[in-house]
Amino acid sequence: MHTSSPPGKEAFRQLLRALPVSVNNLADPTILRDSTAAKLDTLVADRHTGPVALITKGNLDTAWWRERLPGWAKELNLFVFCSISELPKSMEPMGTEHRYRSLRVAREAGAKSVAYVRPIIHTVNDSPETIGRIFRRSVDAGCHAIISSGFRGDDEVVESTGLTGVAAPDGQHWSKVLKLTPQSTSDFMRELAGELNIPYWTRTQCAVAALSGMSRSLNPYYVAPKFVGCDVCTLKSTCADW
């Protein structure tokens, strides 16, 4: 009986190189700048082929980042996710203006520049005026796509963030499992993205897959298509309907 030989070490190396990677996501790539640089250099040396993410609230509009980002973007499938919420300073003291500049810097460097509109909190930053401003300014800054998500947290998180007394949207309860966004706001964002002709998702892995030219999401969201909105995703025909 013929038996195939097990895959060699190089096959496993190729699989590892193709994995999505997020660098210093538990802090911020700009806070751990030198560590971020060392890890990106290691990924380049390892010939990593999978998506590499920098998720930041920091300022990339500096000489240091402008000098280095193009090299990493040339060698890696680099994504820069700039978190933008325009929450009041009492909730998020770090400024906002530099985040739009960071989107532009990432775009000019050759990375995928993504506006991470989050967290959207009912009655705090979910008005059409606020969402409209964030979307339009992100598009003007040159982002390749927009991803949004709502607020997630149990009673302790709600209290610690100063949201005691703020009701969850649509008659729901705040949850540490689900990121809640008002349905009316979700509908508005999707319509606005269409008007602005900007790709829009609520699932990061679907956005990364589509922007990387993949045919299926990197996560099996398609097993719950109605829950995650597969019906309006650009990957639908090759992913959810596959």
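How do the residues of the lining of the largest pocket divide into nonpolar, polar and charged? There are 11 nonpolar, 11 polar and nine charged residues in that lining, where Ala, Val, Leu, Ile, Met, Phe, Trp, Tyr, Cys and Pro count as nonpolar, Asp, Glu, Lys and Arg as charged, and the others, Gly among them, as polar. The model is predicted, so local features need pLDDT of at least 70 and side-chain atom pairs count only at pLDDT 80 or more, while totals for chains, interfaces and linings use all residues. Residues are numbered from 1 along each chain as its sequence is written, and side-chain values use heavy atoms, with hydrogens and water left out.

The largest pocket has a volume of about 930 Å³. A pocket here is an open set of points on a 1 Å grid over the protein atoms alone, where a 1.4 Å probe fits and protein lies on both sides within 12 Å along at least five of seven lines, and lining residues have an atom within 4 Å of a point; the volume is the space filled by probe spheres set on the points, which are joined across faces, edges and corners. Of the 31 residues in this lining, K179, T181, T202, R203 and F227 lie nearest the centre. Helix 7 (183–196) is among the elements that supply at least two residues each, as are strand 4 (112–120), strand 5 (145–150), helix 8 (204–211) and helix 9 (225–228), and helix 7 gives the most, with five residues. Helices (H or I, at least four residues) and strands (E, at least two) are DSSP runs numbered from the N terminus.

The second largest pocket holds about 380 Å³ of space, and 15 residues line it, the closest to its centre being R118, P119, G150, F151 and R152. Strand 4 and strand 5 each supply at least two residues of this lining as well, which divides into five nonpolar, four polar and six charged residues.

Turning to helix packing, helix 4 (residues 97–109) and helix 5 (residues 128–140) pack at an angle of about 35 degrees with their axes 8 Å apart, the axes being lines fitted to C-alpha atoms, for helices over the stretch in contact, and angles running from 0 to 180 degrees between N-to-C directions. Their contact (heavy atoms within 4.5 Å) is made by E97, Y100, L103 and R104 of helix 4 and R133, I134, R137, S138 and D140 of helix 5.
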